[in-house]
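Subject: Structure handover

Hello,

Here is the structure you will be working with. My notes on what was found in it follow below.

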Amino acid sequence: MDQIKGSPDYNWFRSAVPLKRIIVDDDDSKVWSLYDAGPKSVRCPIIFLPPLQYPVYWDLMEFCDGFRKLLDHLHLDKVHLFGASLGGFLAQKFAECTHKSPRVHSLILCNSFSDTSIFNQAWTANSFWLMPAFLLKKIVLGNFSKGPVDLKMADAIDFMVDRLESLNQSELASRLTLNCQNSYVEPHKIKEVAVTIIDVFDQSALSLEAKEEMYKLYPNARRAHLKTGGNFPYLNLPLFLQV
């Protein structure tokens, strides 16, 4: 984490790109936190959806409605979405939800999934809101890489653990609820959306079965396979998007 936080690129980004906090719902406790970088002339930008950092939404349709309001607030009619893990699933559901009036130009899905049944926790999804924060963190940490990893991957894991520690009980419980409540992507509704699938060959939280299901769901998708990267290749391999 110290290596990521102390890197010149990270320090430059934090100093040059201020964190914005935006409220688009009637409930002012739902705050979107985002970094807005790049030229304002780009009217179809790429938006990165990470695994953890969102307002507290307990339902997928509620999330999609809130994200639509965020795009309206930013005056963005169409966007490219890069989604990692849960972020990738939410990106697919948003594209599906808005298919009658498309808002998504393309999807880049990194270590993502299309069906929450792979986690086998649909029966507990409605009880996460009752669990204490330390137990919720333990559930999330159980998906992180175990055993020896290289320095860059260790730094990425430490960084995500730090981000995890910053979340309160409601934030953690809502993420796990979205991640595990019974839902799946309906690919026929987003068949016109260009898709790129990025996954890794080394250890990650996704099973081989989940990866193969993504390939079947999007047979025409472009594929980018990484030899290493673990659960967070976008952190420990920051240049892989340039390939």
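The second largest pocket of this predicted model has a volume of about 450 Å³. It is lined by 24 residues, and those closest to its centre are Pro-51, Ser-85, Val-140, Asn-143 and Asn-179. Two helices, α5 (133–141) and α7 (169–180), each supply at least two residues of the lining. The element that gives the most to this lining is α7, with 5 residues. By type, the lining of the second largest pocket divides into 17 nonpolar residues, 6 polar and 1 charged.

As background, nonpolar side chains tend to be buried together in soluble globular proteins. The largest nonpolar core here has 40 residues, and the members that touch the most other members are Trp-32, Ile-47, Phe-63, Phe-67, Leu-81, Leu-107 and Tyr-218. Several elements each supply at least two residues of this core, including the strands β2 (32–35), β3 (46–49) and β4 (79–84) and the helices α3 (60–73) and α4 (86–97). Apart from this core lies another, of 19 residues, with Met-131, Leu-136, Met-153 and Ala-156 among them.

Leaving out residues up to four places away in sequence, Leu-81 touches Ile-47, Leu-49, Phe-67, Ala-91, Phe-94, Val-104, Ser-106, Leu-107 and Ile-108.

The other is Tyr-218, in the loop between α8 (208–217) and β7 (222–226). Is Tyr-218 buried or exposed? Its relative accessible area is 7%, and buried means under 20%, so Tyr-218 is buried. Neighbours within four places in sequence aside, Tyr-218 is in contact with Gln-92, Leu-109, Val-185, Ile-190, Val-195 and Ile-197.

Last, the cysteines. A disulfide is a covalent bond between the sulfur atoms of two cysteines. How many disulfides are there in this model? The count comes to 0. Cys-64 is in no disulfide: the nearest cysteine sulfur belongs to Cys-97 and is 4.5 Å away, whereas a disulfide requires the two sulfur atoms to be within 2.5 Å. Cys-64 counts as buried, at 2% relative accessibility. Cys-110 is buried too, with a relative accessible area of 1%.

Regards

Terms used:
Residues numbered from 1 in each chain as written. Predicted model: local features only at pLDDT ≥ 70, side-chain atom pairs only at ≥ 80, totals over all residues. Heavy atoms only, no water. 1 Å grid on protein atoms, 1.4 Å probe; cavity = no way out; pocket = protein on both sides within 12 Å on 5 of 7 lines; lining within 4 Å. Points joined across faces, edges and corners; volume = space filled by probe spheres on them. Helix = DSSP H or I, 4+ residues; strand = E, 2+ residues; numbered from the N terminus. Nonpolar A, V, L, I, M, F, W, Y, C, P; charged D, E, K, R; others polar. Buried < 20%, exposed > 50% of the residue type's maximum accessible area, 1.4 Å probe, protein only. Contact = heavy atoms within 4.5 Å. Core = buried A, V, L, I, M, F, W, Y, C linked by side-chain atoms within 4.5 Å.
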